[in-house]
Number of protein chains: 2
Amino acid sequence: MTGGTTDDGAGRVSRRRAMTLAGVGVAGVAGVAAGAGALVRGAVDHAAAPADTASGAVPFYGEHQAGITTAAQDRLHFVAFDVITTDRARLVDMLREWTAAAARMTAGKDAGIYGAVGGTPEAPPDDTGEALGLPASGLTLTVGFGATLFRDASGRDRFGIAARRPAALADLPHFAGDALRPEISGGDLCVQACANDPQVAVHAIRNLARIGMGVVSVRWSQLGFGRTSSTSRDQATPRNLFGFKDGTANLKAEETDLLREHLWAQPGDGADWMAGGSYLVTRKIRMLIETWDRTSLAEQETIVGRTKGSGAPLGGKAEFDEIDFAAPGPDGQPAIDRAAHVRLAHPDFNNGARLLRRGYNFVDGSDGLGRLDAGLFFMAYQRDPRRQFVPIQTRLARQDLMNEYLRHVSSGLFACPPGVRDATDYWGRGLFG
Amino acid sequence: MTGGTTDDGAGRVSRRRAMTLAGVGVAGVAGVAAGAGALVRGAVDHAAAPADTASGAVPFYGEHQAGITTAAQDRLHFVAFDVITTDRARLVDMLREWTAAAARMTAGKDAGIYGAVGGTPEAPPDDTGEALGLPASGLTLTVGFGATLFRDASGRDRFGIAARRPAALADLPHFAGDALRPEISGGDLCVQACANDPQVAVHAIRNLARIGMGVVSVRWSQLGFGRTSSTSRDQATPRNLFGFKDGTANLKAEETDLLREHLWAQPGDGADWMAGGSYLVTRKIRMLIETWDRTSLAEQETIVGRTKGSGAPLGGKAEFDEIDFAAPGPDGQPAIDRAAHVRLAHPDFNNGARLLRRGYNFVDGSDGLGRLDAGLFFMAYQRDPRRQFVPIQTRLARQDLMNEYLRHVSSGLFACPPGVRDATDYWGRGLFG
């Protein structure tokens with residue numbers, strides 16, 4: 001460490017402490033920039049301690065990107081960008097800048113070394129300031145590359161990387177019932193910001209967009225609240241907007257062998273730069289909650305295949321019971337309908353395919369027809385969508401009893417590279433380096 | 001109390017405890033409904049203890065509606081409804097049902113006595129279930145009546161109340177620069193749900209909409225995060241999406257005399273049924289954050305009239321310093337520009353007019369032009385908008401340096417009646433009773 005230490009010894013420096021040190025306002029700026037710089041340089045090199053509270057910092061550097069197996073935080077701001085330059089060097093420079101800013105922000109610091117109130121009065125601040133005084137809040141930032149980055153809609157290989165497109169990044173097929181809106185689907189790049197404070201997640205995305213000005217343009221973005229999946233055995237299964245527990249059989253961070261098999265791209269999978277990465281499928285699924293709310297409890301439970309209260313499979317007793325799909329109900333027929341959601345999505349009926357789901361509930365105001373525009377922003381990480389999401393969704397789209405209450409309106413597929421190893425590494429180095 | 005007590009003695013019964021008691025799933029329902037009913041009847045009559053944590057319950061009954069001077073919670077779901085019936089009795093019945101459901105939900109319970117997993121399997125549940133297991137989370141529900149409830153756009157007095165319209169509920173004038181979208185403005189009724197968990201706020205609005213099916217239709221709704229004002233001296237001033245502290249001079253819950261003068265409608269103000277109520281102005285203000293982020297720190301501080309770091313007025317030292325608008329800056333001119341936001345909005349330049357602001361930041365995805373659709377959902381409560389919001393906004397709209405970065409896209413004005421006294425009272429009894 002150099003200069004006046006504000007590091008707490010565990011690598012954490014809060015924005016509040018940085019601000020106190022940096023003084024305030026135009027008048028106080030002159031003598032401060034150097035000190036603020038030293039503070040930052042001394043602190044970024046540490047990997048932060050694991051978050052032990054909702055306000056702590058999640059380590060940024062590592063074998064895998066954070067934000068995938070990280071215990072799902074409560075809030076999401078997801079953004080998809082179009083790249084608006086054809087200059088490869090500018091794109092790579094931006095990815096380097098993004099990486100440095102992400103390392104800082106996930107540690108609870110400002111996006112740039114001068115911060116929101118440092119630098120010179122004549123320049124725009126290098127942080128937008130709305131997170132001043134807020135802790136790291138478990139922020140993770142996870143980047144992904146869309147198929148159009150490799151070859152755009154008109155077939156151009158803008159950045160000389162078309163040959164490096166992974167086979168697993170194959171365009172998703174059309175699924176039965178899809179009602180996708182192209183303007184909120186796809187994208188050349190994506191960033192998933194998850195945090196336990198929405199202001200921190202929004203701040204992070206906004207500052208990446210600011211840094212990327214002239215290189216990228218926001219294509220679409222989505223806020224989410226109320227995680228709908230658990231990614232750790234320590235987390236209770238939350239409820240979706242149908243009022244049910246869903247995704248009980250989700251891959252969990254503790255299941256190392258399963259993660260190797262189902263989550264992380266492996267050397268030899270076809271694109272070496274993706275080894276240690278994962279493929280993210282996003283689907284914005286509008287839920288017709290007003291129609292659902294007029295449906296009887298029995299019908300709701302039949303559709304889902306679970307009881308609404310405990311989340312136990314029908315015919316079972318507790319949420320995590322092994323599901324017996326043959327167990328008879330009162331009428332002698334299987335208690336779980338053959339077209340129930342829980343059955344069609346279960347690994348037993350999908351060649352063992354599993355996903356790490358990380359979705360969030362959303363409400364985007366109303367739909368102009370007197371209804372709330374609400375639903376699930378589904379996100380699932382996996383080793384190869386061709387063997388996982390695609391076959392699962394193909395069956396669900398054809399048969400799931402729940403389809404009557406769902407509309408898929410947005411879709412995305414992104415190759416999320418492995419983790420950033422240290423401060424010399426950057427998002428996408430394996431692809432561009 | 002009757003039957004098996006699940007009340008904790010302070011009037012609080014959590015959904016989790018209610019659920020445990022009520023058993024789970026279709027199979028467990030038969031013997032439970034009576035017990036659940038008793039549980040509820042025993043508990044609703046208490047005023048809950050004041051929330052001492054983010055998860056506690058805020059008392060529902062009282063002289064004033066909760067959610068106005070209540071220490072501002074972190075999350076908002078606001079909804080405006082159109083009334084789609086002309087049957088006064090049906091409207092009043094719904095208001096009674098809403099009041100009962102609001103009393104339950106703000107106490108951390110299901111919307112109806114059978115709850116999400118009680119009742120009979122053949123009926124839709126009387127709670128949608130996504131808040132099962134979540135605590136009260138400081139939920140407040142605050143209702144308001146729009147001018148169109150008294151006389152609709154075509155001049156009809158649908159409910160025989162046109163003569164009772166308060167003079168203070170006069171239509172807002174057009175302000176310079178207004179870019180209002182009618183489809184997300186106005187409304188016959190509004191409900192403001194504030195909570196420290198967005199899922200709890202969303203759940204409450206959704207269940208009121210469900211109860212109101214056939215009587216009301218959602219006109220528009222808005223989610224907000226990150227309160228932008230403090231309504232109690234115990235709360236720090238938060239930051240808006242320009243990165244600044246704003247609303248430092250907000251009315252606070254502790255300022256009883258000022259609240260009487262500026263916040264609560266008084267007997268003799270012109271509509272007796274509104275005594276103890278307040279008038280709510282909502283404005284959805286898009287902030288052009290990408291443009292703002294390219295502006296220098298000095299320019300930003302000039303526009304606001306405060307330093308970005310501490311929030312101190314320019315020329316002052318600390319946020320809560322009395323502002324000296326004559327204090328000179330380095331160049332001998334007043335440190336605070338004559339058209340700075342803080343000056344134009346200050347009571348000294350508005351005949352002493354003050355507001356209780358209660359706004360929230362919002363991000364509604366992107367705008368299709370490569371930018372985040374973000375800003376402030378401004379909410380301000382007051383005794384009479386004609387003497388408070390209207391003159392203040394008239395000056396701001398004409399002169400505020402900040403206007404270059406703002407677009408007002410939605411507007412609403414609602415008469416929020418006084419509080420519900422007890423379980424025999426209901427929202428709007430003074431108007432309809």
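The dialogue below turns to the interface and then to the symmetry.

Analyst: This is a predicted model, in which local features need pLDDT of at least 70 and side-chain atom pairs count only at pLDDT 80 or more, while totals for chains, interfaces and linings use all residues. Residues are numbered from 1 along each chain as its sequence is written, chains are lettered from A in the order in which they are written, and side-chain values use heavy atoms, with hydrogens and water left out.

User: How many residues of chain B are in contact with chain A?

Analyst: Contact means heavy atoms within 4.5 Å. Here 62 residues of chain B touch 64 residues of chain A.

User: What area do chain B and chain A bury between them?

Analyst: Buried area is the accessible area (1.4 Å probe) that two parts lose on being put together, summed over both. The two chains bury about 4,700 Å², with 64% of it on carbon and sulfur atoms. In chain B, the residues that lose the most area to chain A are B:Arg206, B:Asp293 and B:Leu297, together 13% of what that side buries.

User: How many salt bridges are there between chain B and chain A?

Analyst: A salt bridge is a side-chain nitrogen of Lys or Arg within 4 Å of a carboxyl oxygen of Asp or Glu. The count is 2; B:Asp293 and A:Arg206 form a salt bridge at 2.9 Å, N to O.

User: How are two copies of a chain related?

Analyst: They are related by a rotation about an axis and a shift along it.
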